[in-house]
Amino acid sequence: MATAVGIDAAVDALRRGGLVAFPTETVYGLGCDATNDQALARLYAVKGRPVEHPVIVHVPGADALDDWAVDVPPEARILAGACWPGPLTLVLRRATRVPDAVTGGRDTVGLRVPDQPVAAALLHAFDGGIAAPSANRFGRVSPTTADDVRADLDGEVDVVLDGGACTVGVESTIVDCTTVPPAILRLGGIPRALVEELIGSSVALRTSGETASPGTMAAHYAPDARVIVVDAGDVAARATGFLAGGDRVGLLSVQPVPRDLPEGLVVLDSPVDADDYARMLYSQLRDADRRGLDVVLAVAPTTEGIGAAVLDRLTRASAS
Ligand code: TXA
Ligand code: MG
């Protein structure tokens, strides 16, 4: 848990235009003052992120909606009221104060209130908007611990706040509320069914193609190891084939783990259900690289609840 001193140093750094990595319930963010163009330029440079990719502005509470957005539709207020703080990002028409550097030149802004005590303390103490992408280098696996952040960005961040391991583990669900009906641009911590239940109508799913969020392209979230999504019944045969070819092969599988596996197959930690899978997913993919695996065979959880987001990330990781 971060100390008050950590928060003070982080707020000072943000006010001076610096970069602060901080925990959220989803993944660690790399943050800067969302109104400081120079800080935003440094943020994009450190991440290695294309400037036309917008970043999410993190705010202390739903009260801040009207500071950053205009024409906020009733559905957005319902979702904010029910899901914030929490793993939901709302895309809304931007207020004029939102810099182009945040929105990638678009006329919309993504807003989110994280549900994590260190993030909440930081946002309340800073009392402004913190623009923050995930604190990994562009196109790499998102960080779920402070050590992951240091491994990727050491020396380039002014303050790293440590809030322990992230409790959700995959990124926020992004809902574009500027269209009727609203559309999900990225599956994440808040299930689609809950969004639909809250607004009382179905939502579109626009997670690929030109209108989706830039940065949710197919080849994303990938470790160095090749990820292959397989059915439980195919694990033994696929593993045997890769092992025979000389590859170092790992298995990431929801429990129960398939039986009668070939010798030499490295069984990574096995999540008990979809929530557990989400929490462990990125750390297991990082672990696969640390172990020098060439191939990770992944058996996905069922796609109910957060399971849909887990399958989405595995599928994207496998596309690289
Ligand atoms: O859980 C999360 O959302 C984490 C934590 C740190 O809050 N953040 C995160 O940020 O995942 P990032 O930058 O890795 O992904 C943000 C996604 C990108 O795909 C971006 O294109 C999309 O959000 N996005 C941001 N603003 C948008 C906008 N105005 N319109 C459409 N997509 C937007
Ligand atoms: Mg990211």
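## A buried arginine and its partner

In this predicted model, R112 counts as buried, because its relative accessibility is 2% and the cut-off for burial is under 20%. E25 is buried too, with a relative accessible area of 3%. The two residues form a salt bridge with one another, in which the closest N and O atoms are 2.9 Å apart. Since R112 belongs to strand 6 (residues 108-112) while E25 sits in the loop between strand 1 (20-22) and strand 2 (29-33), the pair ties together parts that are 87 residues apart in sequence.

## A link between two helices

Another salt bridge joins D152 and R286, and here the closest N and O atoms are 3.7 Å apart. D152 lies in helix 7 (residues 146-153) and R286 lies in helix 10 (residues 274-290), so this pair ties together parts that are 134 residues apart in sequence. D152 counts as buried at 19% relative accessibility, and R286 also counts as buried, at 12%.

R291 forms a salt bridge with D287, the closest N and O atoms being 3.1 Å apart. With a relative accessibility of 44%, R291 counts as partly exposed, whereas D287 is buried, its relative accessible area being 18%.

## A network and the overall count

Salt bridges can also share partners, and in this way E171, D312, R313 and R316 are joined into one network. Altogether, the structure holds 19 salt bridges, among them the one between R112 and E25, the one between D152 and R286, and the one between R291 and D287.

How values were computed
Residues numbered from 1 in each chain as written. Chains lettered and ligands numbered in written order. Predicted model: local features only at pLDDT ≥ 70, side-chain atom pairs only at ≥ 80, totals over all residues. Heavy atoms only, no water. Salt bridge = Lys/Arg side-chain N within 4 Å of Asp/Glu carboxyl O. Helix = DSSP H or I, 4+ residues; strand = E, 2+ residues; numbered from the N terminus. Buried < 20%, exposed > 50% of the residue type's maximum accessible area, 1.4 Å probe, protein only.
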